[in-house]
Amino acid sequence: MQTVSNEKLPNYVDEYMVSKITGIKVSTLRDQRFRRKGLPFIKIGRLVRYDLDVIIEIFKKNTVKCD
């Protein structure tokens, strides 16, 4: 049996954790998923997860720097 290092595995979180991290309401996240807008997500059957690294990267790209 082969072991997998945790360092290489993506960090997936549910919509409730994304809501806590981003301040976006769960209902808004659900609406955005329905409309295929907003944060990228992964869906397998009824399971919905967000890649935390992707969300952090989106926040970094959208950071406004002030003088």
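Select Ile42 first: in this predicted model, Ile42 stands opposite Arg49, a residue of strand β3. Now extend the selection to the two strands concerned. Strand β3 covers residues 47-51, and β2 pairs with β3 in the antiparallel sense over three bridges. As a general point, the strands of a sheet pair through backbone hydrogen bonds, in either a parallel or an antiparallel manner.

Next, display the whole sheet. Three strands form an open sheet, and their order is β1-β3-β2 with antiparallel pairing. Which strands are the edge strands? They are β1 (12-13) and β2 (42-44), each of which pairs on one side only.

Select Tyr12 next, which is found in strand β1.

Helix α3 lies across β1 and β3, and runs at about 50° to β3.

The last stop is Pro40, located in the loop between α2 (26-35) and β2. Pro40 counts as partly exposed because its relative accessibility is 41%. Which residues does Pro40 contact, leaving aside its neighbours within four places in sequence? Select Tyr50, Val54 and Ile58 to see these contacts of Pro40. Finally, select Ile55 and display the C-alpha atoms: those of Pro40 and Ile55 are separated by 8.1 Å, although the two residues are 15 residues apart along the chain.

Definitions and conventions
Residues are numbered from 1 along each chain as its sequence is written. This is a predicted model: local features need pLDDT of at least 70, side-chain atom pairs count only at pLDDT 80 or more; totals for chains, interfaces and linings use all residues. Side-chain values use heavy atoms; hydrogens and water are left out. Two strands pair if DSSP finds at least two bridges between them. Helices (H or I, at least four residues) and strands (E, at least two) are DSSP runs, numbered from the N terminus. Contact means heavy atoms within 4.5 Å. Axes are lines fitted to C-alpha atoms, for helices over the stretch in contact, and angles run from 0 to 180 degrees between N-to-C directions. Buried means under 20% relative accessible area, exposed over 50%, partly exposed in between (1.4 Å probe, protein chains only).
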